Amino acid sequence: MIFGSYTFPNGSITKNRLVKAAMEENLAADNRSPSTELIDLYQRWSKGGVGLIITGNVMIDHRHMTGPGGLVLENHHQLDVFTRWAKAAQHEGTQVWMQINHPGRQTPASISTGSIAPSAIPVNMGKLSKMFAPPRAMTEADIHEVIERFARTAKLAEQAGFNGVEIHAAHGYLLSQFLSPLTNQRHDRWGGTLENRARLLIEVIRAVRQRVSKTFAVAVKINSADFQRGGFQPEDALSVAKMLENEAVDLLELSGGSYEAPAMQGDNRDERTLAREAYFLTFAKDIARATQLPVMTTGGIYRYATAETVIKAGIDLVGMGTALALNPELPNTWQSQSDHVLTLKPLTWKNKSLAALGRMALIRQMLKAHAGTHKIKKPMPYWFALIRDQWHNARNTRRLNQWRQERQQR
């Protein structure tokens, strides 16, 4: 089942149901375009057998980024490098969609030029809150600029040869912040009711659709829930999914959580049982039954049996992140060895936010190793990965600030 082809509403076809879900690789070149390492990594995933690759975050605005090693696509200056990236990812007939994003208030303080959000509500991560810049509430002009930037980046992605884009409206980033009543406390047409809170997402989708061709895929990623009291709930996700049925959306990806409640990381204490995998499947099944949209779920899928279970449950596509960070050739491996499985060791740190940072740091270090020429014998300890990640972030921050200064001097 997972190795059967799938046809999207726009008519494009993926050779199987396995998707490399978005991960933040932090492997940008100094000019915020894809580095040679990143291009090689995506070609490796294509050769590994996935049917669709969704890239890590590509930012629509260099002033607002999720991390100092991230990519930016806001003009034609490095379009040739993005074109090489797309071709590398399509090497084995794989489709590649660019995930486009704006972090909103989840902008690290170390690289912030002025954080913005629906409302002036800072990230609350206890002692780690100082890592993020306090935001100001967006003006009407800010909102329209964001819509325009999403549309512009989507058009540039098509010009670079990508097969589609995924609009990131999950994980507590800007569009997700507008959807959640915890972070959107506006009293204008962009806040209040769910219809108003979803207005920005709808307007972004419509603006993107107006700029790209009909055969270019437009996907949306939303939370199934925020996993915070008083936040975005499963019933809200279902209502938003129903709204998207009328917006020419080719795929709805369901995930969950934010930096404050990192549910997308799963429960790190024990990943040895199927019950710990596909942890958004229940939400995905409910939405798949209630909507005509193609649905994909991502989160904690490591085993062939789990991937098959997801498809049998009525979900159209299976998204995998960490599993493909551990083994970029996993789909090809499953063709001959369906019982093959690699998982990360349990992470037992009591601070969930710090544990999420440690887990993401280890994944990024594995991706960096896969992008090079040497093989990973075994994952490094979480604490060491976090230290190395902080060192890389400091280096990338210096390079990002230098690049920004050079832009201003042009």
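This is a walk through the structure above, one selection at a time.

You are looking at a predicted model, where local features need pLDDT of at least 70, side-chain atom pairs count only at pLDDT 80 or more, and totals for chains, interfaces and linings use all residues. Residue numbers run from 1 along each chain as its sequence is written, and side-chain values use heavy atoms, with hydrogens and water left out.

**Stop 1: the cores**

Start by selecting Ile-167, Leu-201 and Leu-244. These have the most contacts inside the largest nonpolar core, which has 108 residues. A nonpolar core here is a set of buried Ala, Val, Leu, Ile, Met, Phe, Trp, Tyr and Cys residues joined through side-chain atoms within 4.5 Å. Buried means under 20% relative accessible area, exposed means over 50%, and partly exposed is in between (1.4 Å probe, protein chains only).

Now centre on Leu-201. Setting aside residues up to four places away in sequence, Leu-201 touches Ile-167, Ala-169, Leu-175, Leu-179, Val-220, Ile-222, Val-240 and Leu-244; contact means heavy atoms within 4.5 Å. There is also a second, separate core of 13 residues, with Phe-8, Leu-52, Met-296 and Leu-317 among them.

**Stop 2: Ala-241**

Next, pick Ala-241 in helix α7 (residues 234-244). Helices (H or I, at least four residues) and strands (E, at least two) are DSSP runs, numbered from the N terminus. Ala-241 is buried, with a relative accessible area of 0%. Beyond its neighbours within four places in sequence, what does Ala-241 contact? Show Leu-252, Ile-287, Thr-291 and Leu-293 and you have the set. For a sense of scale, draw a distance from the C-alpha of Ala-241 to that of Met-360: these two sit 119 residues apart along the chain and are separated by 28 Å.

**Stop 3: salt bridges**

Time for the charged pairs. The structure holds 23 salt bridges, each a side-chain nitrogen of Lys or Arg within 4 Å of a carboxyl oxygen of Asp or Glu.

Select Lys-221 and Glu-253; their closest N and O atoms are 3.5 Å apart. This pair links distant parts of the chain, with Lys-221 in strand β11 (residues 217-223) and Glu-253 in strand β12 (residues 251-255), 32 residues apart. Are the two ends buried or exposed? Lys-221 is buried at 3% relative accessible area, and Glu-253 is buried too, at 0%.

Move on to Asp-61 and Arg-63, a salt bridge whose closest N and O atoms are 2.7 Å apart. Asp-61 counts as buried at 3% relative accessibility, whereas Arg-63 is partly exposed at 30%.

Then select Asp-389 and Arg-364, another salt bridge, with the closest N and O atoms 2.8 Å apart. Asp-389 lies in helix α13 (residues 382-409) and Arg-364 in helix α12 (residues 352-371), so this pair ties together parts that are 25 residues apart in sequence. Both Asp-389 and Arg-364 are buried.

**Stop 4: helix α13**

Show α13 by itself. Its 28 residues reach 40 Å from first C-alpha to last, close to the 40 Å expected at 1.5 Å a residue; the expected span is 1.5 Å times one less than the number of residues. The buried residues of α13 include Tyr-382, Asp-389, His-392, Asn-393, Trp-403 and Arg-404. Bring α12 back into view, as what covers those buried residues includes α12.

**Stop 5: an arginine without a salt bridge**

Go to Arg-197 in helix α5 (residues 194-197). Arg-197 is buried yet has no salt bridge, and the nearest side chain of opposite charge, Asp-236, is 4.3 Å away. (Lys and Arg count as positive and Asp and Glu as negative; His and the chain ends are not counted.) What lies 2.8 Å from a polar atom of the Arg-197 side chain? The backbone oxygen of Gly-192 does. Other contacts of Arg-197 include Phe-178, Pro-181, Asn-184 and Trp-190.

**Stop 6: two positive phi values**

Last, open the loop between β3 (18-20) and α1 (36-47), where you find Asn-26. Asn-26 has a positive phi of about 55 degrees although it is not a glycine, and counts as buried at 14% relative accessibility. Arg-32 is in the loop between β3 and α1 as well. Its phi is near 70 degrees, positive in a residue other than glycine, and Arg-32 is buried with a relative accessible area of 1%.

Technical notes:
Lys and Arg count as positive and Asp and Glu as negative; His and the chain ends are not counted. A polar contact is a pair of N or O atoms within 3.5 Å; within protein, one must be able to donate a hydrogen and the other to accept it, and residues adjacent in sequence count only if both atoms are side-chain atoms.
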